[in-house]
There are 2 protein chains.
Amino acid sequence: MQNKEIRLASRPTGMPTLANFQIVDSDVPQPKDGEVLVRTLYISVDPYLRGRMREGKSYVPPFKVGQVIENSAVGEVVESRSPAFQPGDIVRGMLGWRLYSVVPAESLVKIDPRTRPLSLALGVLGMPGLTAYFGLLDIGQPKEGETVVVSGAAGAVGTTVCQIAKIKGCRVVGIAGSDEKNQYLRNELGVDATINYKTDEMKRALQETCPNGIDIYFDNVGGEVSDAVMPLINQAARIVLCGLISLYNLDKPDVGPRPQRYLLINSALMKGFIITNYMPRFREGFSQLSEWFAEGKLKYAETVAEGFENTPQAFIDLFTGQNLGKQIVKVADK
Amino acid sequence: MQNKEIRLASRPTGMPTLANFQIVDSDVPQPKDGEVLVRTLYISVDPYLRGRMREGKSYVPPFKVGQVIENSAVGEVVESRSPAFQPGDIVRGMLGWRLYSVVPAESLVKIDPRTRPLSLALGVLGMPGLTAYFGLLDIGQPKEGETVVVSGAAGAVGTTVCQIAKIKGCRVVGIAGSDEKNQYLRNELGVDATINYKTDEMKRALQETCPNGIDIYFDNVGGEVSDAVMPLINQAARIVLCGLISLYNLDKPDVGPRPQRYLLINSALMKGFIITNYMPRFREGFSQLSEWFAEGKLKYAETVAEGFENTPQAFIDLFTGQNLGKQIVKVADK
């Protein structure tokens, strides 16, 4: 068995490029007591990783230059030195961008091997699903008939937020960057109206699609799209700050209209979160998402890149909005 | 009896001037059934009134040009056509900037006539007190040992916020616009540290006075002072948006560093409010404030302008920070 891993070769300036990553041959590590050797099947690439490639304070400590990129992946247990896992088990964990990883058994979660595709455990039945679930329900507190606007609506989190908001009886307006994505949102996910932020005039489009104002804004992007939303929020509106993908590659100061005025005159709330805040409630979230999925109420969208070597490009493509739904890298067949 | 009233003569552009107000002789109105005639004793002038002098959406509908300015005041009942009030009763209500007002009985609240000074019912035992109480406790949720930063700390709301935060065992840093105000905050109200935003370099001053970061920011001012606070907030920080006095006279776009990034990476909350949101809990708030006041835990500061005709100037002076504590206009003796 030959191992490969992808390291951060240098810190990106602005948009990441392939030169920021280095694919390196390495040895397959040996598990010690309590550890498990896992073969990677599907890798998750996520926008928040861009923050970890930067020096300075973010959600989590930054990657060091030369370090293997760490992120969630699905794999198959090859060798286990823990009674909790057997060879052949399908697991999710922080395997990193590697073909083979050794990780502590307690950091792995078993996935039902009948899950199809297995990559669902990285999408609607994984962290993006939980992020949508807790962000929308706990911070957003949607009520039937309210208007929910979702930016980054065609992404992994956004597609799930749109569907949960529909399940809760809301009017849902999705903002995405192409007509194809927006057709998908309307035709497949039942989103009530959509806005293409690249071609529509945001202010007018929001006024037309939100005639009763905006009760919840689920923000995955930040920047000018969000600036346009603020003047339309209603009394007691909730703004869920989930991501700011428009800023992750920004190398100039993030300056714009301050939102405080709108929060003040509307007694509105704006709150950031990271999914690990909700760790104690993950079981509840997985259970409800799985139920909705089984009932056909929750569809999934994913964009799959084939081959481990294409992981950096799949990551880079996130920032130009190439993906519909969850961006996955398929590394190997089960 | 001769009545006088102060009307909005024209909408201010930028800073209000005396020319925006007109003092007019008028008749003393007659109460109908269910109404009460009240003689004004103390008038409250409040920054939020500036918002009502502007056309467009704010907390409450704008004043019309020619309309008498409506605001909270304390007065004495002269004639009552309601069984709920007797001549001589001391009351608080939306009397407006008038010597004599007729108002519906149900809009008045009786004040304990032993309250000294009676103007306390417009300050620490009135709406500013409640604003501090609910904003800090309900949105801010202070915990012992946390760091609370208060902008507009020497104002009516700010002085009360500082003291309640001290009662709750927090480290309190007050931001105000003069060394005299800051001495008062430290020496009389027990504030731990202060910043003069006019003379101190904000970033360095905040770093020095908040070595453990900022858990709660109670914002009365907005703008650049608040911009400097955001980079220092802690995980799970709470930003209470109470007022934005720095913006009320702004006639250019309110542009600055967007705060969303800091809210996101710290899972922090920012929430606006208006005191009427808490109407169902006013009794609780008054009761606790009165108890603290009786125990000597809550001191009051007020700046009193003498004479009804000086009401417009007292209002204008709010925006240059002339007042320490609550700005009151004394219209008549009891």
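In this predicted model, the buried residues of α2(B) are covered by elements of chain B that include α3 (156–167), β11 (214–219), β12 (233–241), β14 (269–272), α8 and β16 (326–330). Helix α2(B) is mostly covered, with 12 of its 14 residues buried. Among the buried residues are M127(B), P128(B), Y133(B), F134(B), I139(B) and G140(B). Just after α2(B), Q141(B) has a positive phi of about 50°.

One of the covering elements, α8(B), spans residues 282–294, and its axis comes within 10 Å of the axis of α2(B), residues 127–140, at a crossing angle of roughly 100°. Angles of 65 to 115 degrees count as roughly perpendicular, so α2(B) and α8(B) are roughly perpendicular to each other. The residues that make this contact are G129(B), L130(B), Y133(B) and F134(B) from α2(B), and F282(B), G285(B), Q288(B) and L289(B) from α8(B).

Chain B also meets chain A: 28 residues of chain B are in contact with 28 residues of chain A. On the chain B side, β13 (255–257), α7 (260–265) and β14 each supply at least two residues. The most come from α7(B), which gives 5 residues.

| Contact | Nonpolar | Polar | Charged |
|---|---|---|---|
| α2(B) with α8(B) | 5 residues | 3 residues | no residues |

Between the chains, β13(A), residues 255–257, pairs with β13(B) in the antiparallel sense over 3 bridges. Within this pairing, G256(A) has G256(B) as its bridge partner.

Methods:
Residues numbered from 1 in each chain as written. Chains lettered and ligands numbered in written order. Predicted model: local features only at pLDDT ≥ 70, side-chain atom pairs only at ≥ 80, totals over all residues. Axes fitted to C-alpha atoms, helices over the stretch in contact; angles between N-to-C directions. Helix = DSSP H or I, 4+ residues; strand = E, 2+ residues; numbered from the N terminus. Parallel < 35°, antiparallel > 145°, perpendicular 65-115°, else oblique. Contact = placed C-beta atoms within 7 Å. Nonpolar A, V, L, I, M, F, W, Y, C, P; charged D, E, K, R; others polar. Buried ≥ 20, exposed ≤ 12 C-beta atoms within 10 Å, placed from the backbone. Pairing = 2+ DSSP bridges.
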